[in-house]
Amino acid sequence: MSHEPSRMVVGDSVAPGNKDFSAPVASAKVPLLQQLFSFPAMLASCLVTAVFVARHNFEVDPDLWWHLKVGEDILSTHHWPTVDPYSFTVAGQPWLAYEWLGDVLIASVARVAGLRGLQALLIVLGAAIMLALYSYATLRSKNSKGSFVAVSVLLALACANFNLRPQMLGYLFLLLTLIALERFRQGKKTALWFLPPLFLLWINAHGSWEIGLAAILAYWLCGLRGFQLGDIVVHAWSPEERTRLSLIFLLCLTVIPITPYGTRLAAYPFQVASSLPLNLANIEEWRPIALNSPGPQLFLFLVLGTIFAQVAAPMRWRLEDVLLFVGAAGMTFVHARFLLLFVPFFSPVFATMLSRWVPKYQREKDHYVLNVLLMVLMLGGMIHYFPSNAQIEKKIDAGFPVGAVRYLKDHPVTGPMYNSYDFGGYLVYTEPDVPKVFIDGRGELYEHGGVFADYVHVAELQPGVLGVLNNYGIRFCMVRSGDPLTVFLTARPNWKQVYSDGVSVIVVRNDSSARRQGFRDQ
Amino acid sequence: MLGALLATAVFWAKHDFNVDTDFWWHLKVGEDLLATHHWPTTDSYSYTASGQPWIAAEWLGEVLFAGTERIGGLPALYLLLMLMGASIVLALYVLCTLRSGNSKASFAATAILTILALPVFHFRPQMLGFLFLVLTLIALERFRHGRARALWFLPFLFLLWVNTHGSWTIGLFCIFVYWASGLQERRFGAVEMRAWTISQRERLLLVFMLCLAVLPITPYGTQLAVFPVQFIGSLPVNMASINEWQPMPFDLVGAKLFLVLLFLWFAAQLVYKTSWRLEELTLYFLGIVMACLHVRFLLVFVPFFAPVFAVVVARWIPAYERQKDQHLLNTLLMAGMLAGMIHFFPKRAEIEGDVARTYPTRAIAFMRAHPVRSPIFNTYGFGGYMEWSSGGREKVFIDGRGELFEPGGVFADYRYITTLRPGALAVLNLYQVQTCLFDRDKPLAVLLASLPEWKKVYEDDISVVLVRQNSAEAAATAVSQAGRQVP
């Protein structure tokens, strides 16, 4: 059985039999109210609800806290930092708040609505990303139901990265860029004009703007000449389209230096990319994807499933889709954090693939009242289950050293502190209740200063660990509960565990007892 | 000549005797089998799992190692390693040529895949399993090509296989996949199912049944057949802790090559739309999944991918033309390669030097010269070598037989102690450990070396020996340290 005659090009709007009533052109003629309560809109609500269910527990990244602190400081001082103000190890070293716009957004929301505001921001950003993904997949596949299935599967991958950091903004901006490019590909001449303003926000919010620029470049390059090579199809741009795309690319480049730091923000991602071997080797999100857990296994299944599907039920691919799919999948295998890239680059391919088996939406069969009821039910559920301040605080208590900070406030310990890497952000946020940190999530700052290497030395209990602690004059350590350093230190009488809960442990040095008992410091 | 080149490449790549940590206990088990003519049913090498049920599931490979060592010592073992590696690569080359019909392309494909396979060419019975798997695939491929008698040696192969390594399960699965993929004549996309004739199907089924029938013919009866499936899903600590059971580490060069090959094949498929048989595609994808989930299964990926890859490469490389062959030149080159291998074959001292660079030979010599108190707590990777080098007299805490040490909780305790979990020293005390032999610079070694009740008595660039001191010794050490520290 050959599929040749009915083969669909990924994202080809003119593929035979592909007419979809949810397509943007057709939907423009439909009354707004009908669109708002249509079946595709109800499906979109399902996606938002799924984000809510997955992320209503205030699951945040440890880096959130220092981003929040930076944003608060910028809001209160109206000053963009140029040196590190939060640690004692690299205090005064050059450092830029390179994601300052995201930091300010997070801090503003926290200032206005507190922790519940942050929880709402997390849901809103996550929902916006999923809706953009759904919109993009539908734009490409012309099948809103197929796209819903594809995006629902991808939600499991995407949600893991919804962690309330400025990178969520970067992720959203990338999707908006891809949507604009696709609309342009489908003949909407004005679709690209909002990209320069978007890049102006992007450069100030997150370093992923370079991926957006690479996507524009990929689209431009993959339309220079039209040809077909096996199942790879290249549609040539018209001269006018090419010029317009080039112009937009240049305009996006032009806005890049418009930041409080001038061109330094533009240079930042490139500086960081190649100069942080310790970060790459030790930070979880920079490690290769660990295929022994369900999320990464789903990723593997999708990649291999797509390759197998191409053999068993071939479809034609646009060259840019091949490049972006292979590039993003390869990068994800090597660095787990690029799962963020894989999802948007893969979604149009996946949606188009599924569209062959999922029947299209038919407006005439839609049940608007039922849709409205379901949407109201979902909204009601979200309002009802929105966590209280107490619930959010309990969640923070369970993940961050809240108890240890409280202890330090009541029982101040003087002198430099060594802390776990993932506690650093929270400790920066709680300043001045605790002393300045040894390290936090700003890995690039600490690696260049040599502190990250020392941190790894201590965390891995390499020979001479006490010597390293001595060099920094460490008086106490706040580490995650169960950290081997606790066993190492408390086995010696000159260190005493003074606080412990299920999250953190505080161990304090007492040198006089060590001298008496003659312990060996290496 | 190209085959000889591949064999030479294996020689160059593996010219140092850098063997897997498990090799030594396999060797010890083989030696004991040869000496006692008795197949063990309980553990006799450790003090932590002593007397627990344990069978020498790979006894035939172990006897081969021990027999070789008895004949020619370490140089003979090195020669065996070379022969096994070369046999595998040559068998892969044959498989690729058989499938692609292009020996030059097959050479290129095999050479590239050898880079992937070499790091997992551990000198263990699994290398024999790998060879048997490739031989099974060759037999199946020849049968696919119409050689009716190609399969008859498989039951004999499986008789060896079940006594050598648990990978016979994969071989049996391959036969099943070939059989199932020929039940109907169908085509979907670029995948084709080629139906077997009735006689072919019956023959394949008969061989499958015969292979099954020989499985209980082992010194342990059906226990060896059950062994590989018995532990699936029941060894979480092993899965989480042992490197070869970890997912593919994609930051390493070999793993990146794996990715490049995967996506190159995909790109070639987009462009050329090559047709594939269902059985080869099934095995190929299974190989990818297995290798991605557990890096040790790169060994399975390579033979499953090799014929598929050779077919792709054959599009770019012209076929061999016998009439243009330069036989004299080939002979010269082959003689040159053989001479090179003989010339550079390592001396016994060089091999012993290789062993000393990886294993605690000097530390064990020290412990022999200065007897230490037992029980000894040892690094996982040193256990096998300690058993072999002490002739089994020194009982170990743990060695590479993970399936033995996990059910009794010893492996979990080992992890608990070495990762310095809270109460790690108390767990160490529970085993009344008197001496520790560790990798140098491991956290536990660093900790114990800094405590007065432990004394570092030996250290080199590989290992460290620490002994527990009694309270009087500890006090004396403390006083001496205090005197040194307080001015």
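Q: How many residues of domain 1 of chain B are in contact with domain 2 of chain B?
A: Six residues of domain 1 of chain B are in contact with six residues of domain 2 of chain B. Contact here means that C-beta atoms, placed from the backbone, lie within 7 Å. This is a predicted model: local features need pLDDT of at least 70, side-chain atom pairs count only at pLDDT 80 or more, and totals for chains, interfaces and linings use all residues. Residues are numbered from 1 along each chain as its sequence is written, with chains lettered from A and ligands numbered from 1 in the order in which they are written.

Q: And what kinds of residues are on the domain 1 side?
A: On the side of domain 1 of chain B that touches domain 2 of chain B, four are nonpolar, two polar and none charged. Nonpolar covers Ala, Val, Leu, Ile, Met, Phe, Trp, Tyr, Cys and Pro; charged covers Asp, Glu, Lys and Arg; the others, Gly among them, are polar.

Q: Where are the bounds of the domains in chain B?
A: Domain 1 of chain B spans 57-320 and domain 2 spans 360-485. The bounds come from an automatic or database domain assignment. Their centres, over C-alpha atoms, are separated by 40 Å.

Q: Switching to the chains. How many residues of chain B are in contact with chain A?
A: 44 residues of chain B are in contact with 44 residues of chain A.

Q: Which helix gives the largest share of the chain B side?
A: Helix 11 of chain B, with seven residues. Helices (H or I, at least four residues) and strands (E, at least two) are DSSP runs, numbered from the N terminus. The chain B side that touches chain A divides into 33 nonpolar, six polar and five charged residues.

Q: Now the sheet in chain A. What is the strand order?
A: The order is 4-5-7-6, in an open sheet of four strands with mixed pairing. Two strands pair if DSSP finds at least two bridges between them.

Q: Which strands stand at the edges?
A: Strand 4 (417-419) and strand 6 (495-500) of chain A. Each has a single partner strand, so one side of each is left without a neighbour in the sheet. Neighbouring strands are turned by 20 degrees against each other on average, direction ignored.

Q: What packs on that sheet?
A: Helix 18 (residues 402-410) of chain A, touching strand 5, strand 6 and strand 7 of chain A. Its direction makes about 35 degrees with that of strand 7 of chain A. Axes are lines fitted to C-alpha atoms, for helices over the stretch in contact, and angles run from 0 to 180 degrees between N-to-C directions.

Definitions and conventions:
Two residues are in contact if their C-beta atoms, placed from the backbone, lie within 7 Å.
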